[in-house]
Each structure stands twice: as C-alpha cells, then as structure tokens.
Amino acid sequence: MVGLTACDKGFDEMNVNPIALTAVDPGYQLNTAIVNTAPGYGNLSYETTIVKQMITPFSGQGSAANFNQDNRAVAAGNWNTFYQSNIKELADVLAKTKDVPARSNLYNMARIWQAYSFMLLTDTYGDIPYTQAGKNYLEGIATPAYDTQESVYTAILSELDAASAGLDAAKAKVASDVLYDGDVPKWKRLGYSLLLRAAMRLSKINPTKAAEYVAKAVAGGVMQSNADNAIIRHNANFTNPVGSQLNGGQSAFFYLAEDFVDFLSKTNDPRLASIAVRYVGATSGAQQVESRANRTPASQIGAPLGYDNTTISAAVTAKKLASLWDYSQLDRTRMGGLTAPSYLVTYSQTQLLLAEAAFRKWTTGDPATLYSNGIRTHMQQLAAYGTSSAVPDAAITTYVQANPLAAGKELEQINTQYWVASFLIGPEAWANFRRSNYPILTPNTYPGSDLKTEPFIRRLTYTDAELNVNKTNVQQAISRQGPNLLDTRIWWDKK
C-alpha cells in the first residue's frame with residue numbers, strides 16, 4: 001500500500017501537457033470570427049448567381065442557383081460556417097469580456113461582429129436561432145429555439161446602436177485586431193454603417209422604424225472614406241476563398257453572367273476592364289491560358305443563365321464563340337486572385353444607402369451627390385486589387401458625369417449601382433436585390449427549376465442536419481414562416 005501511494009504521487013501533474021493551451025485570448029477569437037466571414041464557394045453557387053453576376057452552366061455537385069435548385073449541401077454553407085465558428089466564438093468572447101471594464105472595446109467590437117453575422121444568417125434563412133444560439137458549451141443548449149426574423153432584427157438594431165456608442169477611443173486598444181488594428185473610431189464607423197444597412201432592410205416592412213434607425217446611424221457617424229472599408233486581407237497562408245476556387249479545380253467552371261457584363265458594357269463602365277478577362281477562342285479549360293487573354297471591354301461576352309453545359313451550345317453558336325469556355329470570366333489574376341482582398345462593408349455601399357435614405361427624406365444630404373460619390377469611390381476601391389485594376393481618374397469622372405441621378409429613376413439607379421458596388425459580396429447583393437427590387441433582372445428560365453411560385457430564389461432552406469437534430473424547433477419556425485422552400489419570402493421581403 002505504501003508503494004502504491006508512492007507511485008500515485010505526482011501522477012496528475014505528470015499527465016498534464018505543460019505547453020498545451022488552457023485558455024484562448026478572446027481577441028484572437030474575434031479575429032477567427034472576422035476572417036471566417038470571407039465569402040466562399042457558396043457565394044458563387046447561390047448569391048452571386050441569383051443576382052446574375054456569376055454563372056456556371058455545369059451540373060452535378062455544384063448545381064444550385066444556376067438551375068434554381070435546392071442543393072442542401074451548398075445551401076448549408078452560411079449556416080455551418082457562421083454557427084459552427086462565428087457565433088460559437090463570439091458567444092465565448094462576449095461571456096469573457098462582458099464584466100471586464102478594461103476590455104470594453106473588445107466586448108463592443110464582438111457585439112458588432114455578432115450582429116453582422118446574425119444579419120447575414122437571418123437574411124439567408126429567415127427565422128433563426130438567436131437568443132439561445134452559441135450557448136451549447138456555456139449553458140448546455142444543444143437544440144436552440146428559433147426566433148422570428150422580426151425579433152432578430154429588433155435585437156440587431158439595438159445591439160449595433162448600443163455597441164457602437166459604447167466604443168471608447170480613450171480606453172484600451174485591442175492590439176490584436178485583424179480588421180482595423182484596434183482603431184476604435186473606424187470600428188465605431190463600421191458599427192454605425194452596419195446600423196444604416198440594417199435599418200434600410202426594413203424599408204418595405206417598417207419604413208417608420210427604418211427612418212428612426214437611419215437617423216441614429218447618421219448621428220453616430222458612418223464611414224467617411226475608403227480607408228474605413230471592412231476588408232479581409234489575404235496572403236499565401238490565408239488565401240481568398242473565392243480565388244482558391246477560381247485558381248483551383250473550379251477555374252473553368254464559373255463565368256461572368258450576361259446581365260452583369262451587358263449592363264457594364266452598355267453604360268461604358270470602366271470597371272469592366274478591371275473585372276473581366278476572356279480567353280478568346282478557347283475550346284476547353286486547358287486552353288484558358290494567358291496567351292489567349294483579352295481584357296478589352298469591347299471583347300467581353302457574358303454567359304447566359306437558363307442553360308446547362310449541353311444546352312448552352314445554341315447560345316454559344318449565336319454569339320459565334322468557339323465554345324462555352326470562350327465566355328468572359330472574373331479575372332483570376334486580379335480581382336479573383338489568391339491574395340485579392342475580401343470586402344464586406346464599404347464606404348461606397350454606405351454612400352449609396354445614404355443616397356436612398358436622403359431621397360426618402362430619412363436623412364439630410366443631396367441624393368445626387370451621394371449617388372455619384374458612391375460610384376466614384378467604388379471605382380477608386382478597385383485599385384486595391386493591383387495597378388492593372390485601378391480605374392483612371394479621368395475615366396471615373398467621365399462615367400460619373402455621363403450617368404447622373406435622373407428624376408423618376410432614383411431608386412432604380414441607386415440600387416443598380418449598389419448591385420455593382422457589391423460585386424463578389426454575394427449575400428449583400430442578394431439581400432439588397434430582394435429589399436429594393438433592383439436591378440431589374442430577367443428570371444433564370446432553366447427548365448429544371450425547384451421554384452414553385454417566385455421567379456427568383458427568396459431564401460435558402462434549413463439544413464438537413466437541423467431538420468434531423470433540432471426538428472421540433474425547426475418545424476415551429478417553418479409553420480410560422482412558411483414552407484422550407486426557395487420561394488418562401490422572409491419577414492422583411494414584403495411583396
């Protein structure tokens with residue numbers, strides 16, 4: 001017995017890894033949630049295709065909005081990404097910092113990013129877990145209840161308002177911050193710009209409340225220049241998710257949509273030269289090489305929706321193309337590059353939202369000036385993709401002067417430019433398209449559509465995993481919101 005006791009002495013200490021992490025700094029957890037937000041594969045398959053900016057005619061595993069089909073494996077992308085990482089990490093950050101005055105800036109930054117994450121989730125799916133979300137580890141809630149989208153938006157507006165106001169530049173800087181390097185004024189402007197975005201979502205369903213929160217956002221102080229843009233910067237170790245797809249096995253699959261290319265072409269928009277490349281005469285993906293590359297705007301031809309890779313042959317012949325591989329693509333050496341930045345919230349978008357708000361008399365300012373500034377600053381923003389993507393100042397001025405805000409077409413013009421300014425930010429482009437009903441797009445007429453009552457996809461469906469594991473709560477949401485279909489409109493998407 002004496003010998004056994006002696007053997008047990010120090011046993012616990014011997015079996016503890018002395019270099020293993022026992023705690024994670026919440027600042028790094030916030031960074032994880034931020035970088036995890038970069039749009040990825042699902043952004044190409046659903047959101048950017050729904051709004052007719054990108055398209056693939058190929059079927060199989062990637063079948064989604066290109067055929068208006070409910071591919072649960074792809075539709076689950078935002079759900080899995082945000083709930084399994086963002087919401088979980090942010091719930092822990094908030095629990096760790098809520099009652100620590102020295103970390104109040106980190107606490108409020110996490111509240112802003114959590115509101116952003118929940119906004120993207122609810123805009124995608126409608127009713128979602130909110131109040132009980134991310135609390136499995138903290139409180140043992142494994143099957144969270146679903147909140148109505150209306151209540152989620154009420155909470156998002158309140159959180160963004162309070163968190164933005166709570167940021168204090170006189171308090172400790174969050175030195176590890178990957179987004180703004182701890183710059184509190186920039187975080188504050190981001191928070192109020194997101195508040196403006198969230199407020200404008202209510203323009204159809206509750207214009208009174210929309211106007212109230214637009215006023216709060218403007219009073220708080222929104223983004224002032226492109227220096228305030230919320231950007232995820234990529235490098236060789238953390239590549240752009242979209243760029244990784246377009247420079248990997250998906251390089252020959254995705255093309256610029258006809259509607260997007262035609263709009264830029266017809267308006268002589270200089271941004272087309274920054275975005276597009278066409279491998280002229282290519283008859284296979286292997287022939288999409290630099291020696292065939294043509295980046296001249298006049299040579300660009302967008303791919304039409306409504307076809308698959310076999311039926312598109314008629315459209316190919318009509319355009320006198322060598323094959324479907326001859327259509328224009330997002331240039332994967334520039335905007336679609338491995339190290340291209342991912343934009344999430346921009347000054348350009350903010351200016352265009354203010355232009356609409358001013359037109360609606362929800363804030364002061366000249367709608368025409370705000371509109372022109374939104375266009376100008378998006379064109380200037382493209383320089384971040386490299387010198388070959390920069391739009392010359394003279395070309396910017398020429399375009400802005402040739403495309404003023406016209407009486408009677410204000411909402412259409414503002415929101416069509418928002419569509420362009422949100423290129424590659426698929427969730428935002430799709431949300432604003434549903435909210436504003438602009439740009440005016442023709443529906444995707446693919447004959448195998450899963451849509452029953454709507455010409456465009458209005459939401460993505462709940463995941464099969466949720467339907468199996470959290471069935472009772474999901475079914476309550478479905479009975480309240482409507483069928484778990486692509487046609488079902490979410491709360492703020494009023495006809």
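Predicted model: local features only at pLDDT ≥ 70, side-chain atom pairs only at ≥ 80, totals over all residues.
Residues are numbered from 1 along each chain as its sequence is written, and side-chain values rest on heavy atoms, with hydrogens and water left out.

The chain contains 22 helices and seven strands, where helices (H or I, at least four residues) and strands (E, at least two) are DSSP runs numbered from the N terminus. The radius of gyration, taken over C-alpha atoms, is 24 Å, close to the 23 Å given for 495 residues by the globule rule, so the chain is as compact as a globular protein of that length; the rule is 2.2 Å times the number of residues to the power 0.38. Along its principal axes, the C-alpha trace spans about 90 × 55 × 50 Å. Of the 495 residues, 56% are buried, a term applied under 20% relative accessible area, with exposed over 50% and partly exposed in between (1.4 Å probe, protein chains only). Among contacts (heavy atoms within 4.5 Å) between residues at least 6 apart in sequence, 75% join residues at least 24 apart.

A search of the whole structure finds 18 aromatic pairs, that is, rings of Phe, Tyr and Trp (its six-membered ring) whose centres lie within 6.5 Å, with planes under 30 degrees apart counted as stacked, over 60 as edge-to-face and the rest as tilted. One of these is the edge-to-face pair of Tyr180 and Trp187, at 5.9 Å centre to centre and 85° between the planes; Tyr180 is buried at a relative accessible area of 7%, and Trp187 is buried at 0%. Phe260 and Phe423, in turn, form a stacked pair, at 4.7 Å centre to centre and 15° between the planes. Since Phe260 lies in helix α13 (residues 258-266) and Phe423 in the loop between α19 (410-421) and α20 (426-436), the pair ties together parts that are 163 residues apart in sequence. Phe260 is buried at 1% relative accessibility, and Phe423 is buried at 6%.

Trp79, Tyr83, Tyr125, Tyr146 and Tyr462 form one aromatic cluster. Over the ring of Tyr462 sits the charged end of Arg459, 4.7 Å from the ring centre, and Lys216 lies over the face of Tyr213 at 4.4 Å from the ring centre; such a placement requires NZ of Lys or CZ of Arg within 6 Å of the ring centre and within 35 degrees of the ring normal.
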